[in-house]
Amino acid sequence: MRTVKNKINIAVVGFGTIGSSVVKLLIERRRLFYDRTGIDLNLKIVYDKDIVSKRGIKLPKEMLTKDINRIIGDPEIDIVVELMGGVHPAKEIVTKSLDAGKHVVTANKLLLADEGQAIFEKAENSDRQVLFEASVAGGVPIIKAIRESMAA
């Protein structure tokens, strides 16, 4: 019998304006997501170079880290949500996450414009997914339609 995982552990990388908003949504709407999908979206850890500034959301200290290896090396993390912006160190974090068997979600336009081909190749070779609809807000419906319906 196949076991279905109903808990997904998430790490958020980047705790600025966008990252803190995503963290807030994951925490405040966790029950709603579960009720609608049957999947527990568990925010496990948040990485940022600055973990002391006020962000409008209070997290337990153990959920905050300045050490990216706590995310990369944690086999329980299923998805890394990269919200840092820029190319470096975002590219290195994304590629290491893929190498470690984690799926990646990014809203980073510059990263995808500069390094997208290499990142998507790495994801394919790692049998992982890189989801990027958040980086092209207005194009979300068409990206999904092209990828899923018009692939042939």
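Thr65 touches Ile45, Val46, Tyr47, Asp48, Ile51 and Arg70 when residues up to four places away in sequence are not counted, a contact being heavy atoms within 4.5 Å. The structure is a predicted model, in which local features need pLDDT of at least 70 and side-chain atom pairs count only at pLDDT 80 or more, while totals for chains, interfaces and linings use all residues. Residues are numbered from 1 along each chain as its sequence is written, and side-chain values use heavy atoms, with hydrogens and water left out.

Thr65 lies in strand S3 (residues 64–65), where helices (H or I, at least four residues) and strands (E, at least two) are DSSP runs numbered from the N terminus. With a relative accessibility of 5%, Thr65 counts as buried; buried means under 20% relative accessible area, exposed over 50% and partly exposed in between, for a 1.4 Å probe and protein chains only. The side chain of Thr65 also reaches the backbone nitrogen of Asp67 at 2.9 Å, a polar contact being a pair of N or O atoms within 3.5 Å, of which, within protein, one must be able to donate a hydrogen and the other to accept it, with residues adjacent in sequence counted only if both atoms are side-chain atoms.

Helix H5 (residues 109–126) comprises 18 residues, yet its end C-alpha atoms are only 22 Å apart, short of the 26 Å that a straight helix would reach at 1.5 Å a residue, the expected span being 1.5 Å times one less than the number of residues. A kink of about 85° in H5 is centred on Glu115, the bend at a residue being the angle between axes fitted to the seven residues ending there and the seven starting there. At the start of H5, a side-chain oxygen of Asn108 comes to within 3.3 Å of the backbone nitrogen of Leu110, and just after the helix Asp127 adopts a positive phi of about 55°.

The buried residues Leu111, Leu112, Gly116, Ile119 and Ala123 belong to H5, and their cover includes strand S4 (79–82), helix H4 (90–99), strand S5 (103–106) and strand S6 (130–131). H4 and H5 pack at an angle of about 10° with their axes 10 Å apart, the axes being lines fitted to C-alpha atoms, for helices over the stretch in contact, and the angles running from 0 to 180 degrees between N-to-C directions. The two helices are therefore roughly parallel to each other, a description applied to angles under 35 degrees. In this packing, Ala90, Lys91, Val94, Thr95, Leu98 and Asp99 of H4 meet Leu111, Glu115, Ile119, Lys122, Ala123 and Ser126 of H5.

Notes. Angles under 35 degrees count as roughly parallel, over 145 as roughly antiparallel, 65 to 115 as roughly perpendicular and the rest as oblique.
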